[in-house]
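Please read the numbered points alongside the model.

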Amino acid sequence: MEYAMAASRFVAVAISIYTLLIWVRVMLTWVQIPGVYFQSSPLLRLLSSIVDPYLDMFRHIRWARRGHIDFSPVVALMVLSILQSIFSLFGAYGRITPPMVASLVIQAFWNYILAPLCWFAMLVVGIQLFLTYRSDRRSTPFVVVMEGMSRSFIDFVQRLFFGHRLVGLRRLAWWSFAFYLVLYFLLRFGTSQLASYLIRL
């Protein structure tokens, strides 16, 4: 048992290092430094050869891609987080039960999917709400992008609370922001309580 626990701790550390490499890979694709060409760097090619095969396994998930935005690395990181937690628990206590695994999955789903989605909804709806108070209503590229990003979140609240009634955009934006704020705290409380209950089983 001691050897299995030691091996689990080693695997947990290896997963943590691999997760860090994925974060570095993702950040290098987001950040462009003038005069520095990461794509031609031998270091980046080595990094890509290490992490891309794993990331490619998640790129076919359709719901993780929204337009030009690819959320599949978030799903890949969530899976690694669950595995790392499982190996860490077994390495620390020498056992792992299905309720423990379920608790870890719920916590990871909250941390990587639900919480960021709620924060993103509040951010884009909040910006849209701010834009409704501007005296200058010209459709700049920024305004067009924000309206497009917030539209699906606001439309959901429209259908949920108002149906087919006509409601002003400012009122809808206020309702939407309040809804996603309340939803965030309800989901946070619910997932925390459920995860705590499962871990005690």
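1. The charged end of R170 sits over the ring of Y133, at 4.0 Å from the ring centre. A charge sits over a ring if NZ of Lys or CZ of Arg is within 6 Å of the ring centre and within 35 degrees of the ring normal.

2. The model is predicted: local features need pLDDT of at least 70, side-chain atom pairs count only at pLDDT 80 or more, and totals for chains, interfaces and linings use all residues. Residues are numbered from 1 along each chain as its sequence is written, and side-chain values use heavy atoms, with hydrogens and water left out.

3. Across the whole structure, 12 aromatic pairs are found. Rings of Phe, Tyr and Trp (its six-membered ring) pair if their centres lie within 6.5 Å; planes under 30 degrees apart count as stacked, over 60 as edge-to-face and the rest as tilted. The pair of Y18 and Y54 is edge-to-face, because the ring centres are 5.9 Å apart and the planes stand at 75°. Since Y18 belongs to helix α1 (residues 2-30) and Y54 to helix α2 (residues 42-56), this pair ties together parts that are 36 residues apart in sequence. Helices are DSSP runs (H or I, at least four residues), numbered from the N terminus. Both Y18 and Y54 are buried; buried means under 20% relative accessible area, exposed over 50%, and partly exposed in between (1.4 Å probe, protein chains only).

4. The pair of W110 and Y184 is tilted, because its ring centres are 5.3 Å apart and its planes are at 40°. With W110 in helix α4 (residues 98-132) and Y184 in helix α6 (residues 169-200), the pair ties together parts that are 74 residues apart in sequence. W110 counts as buried because its relative accessibility is 10%, and Y184 is buried, with a relative accessible area of 9%.

5. Which residues do ring pairs link into a cluster? They are F120, F153, F156, F161, F162, W175, F179 and Y180. Of these, F161 lies in helix α5 and counts as partly exposed because its relative accessibility is 35%.

6. S176, in helix α6, is buried, with a relative accessible area of 0%. Neighbours within four places in sequence left aside, S176 is in contact (heavy atoms within 4.5 Å) with V125, F153, I154 and V157.

Terms used
Helices (H or I, at least four residues) and strands (E, at least two) are DSSP runs, numbered from the N terminus.
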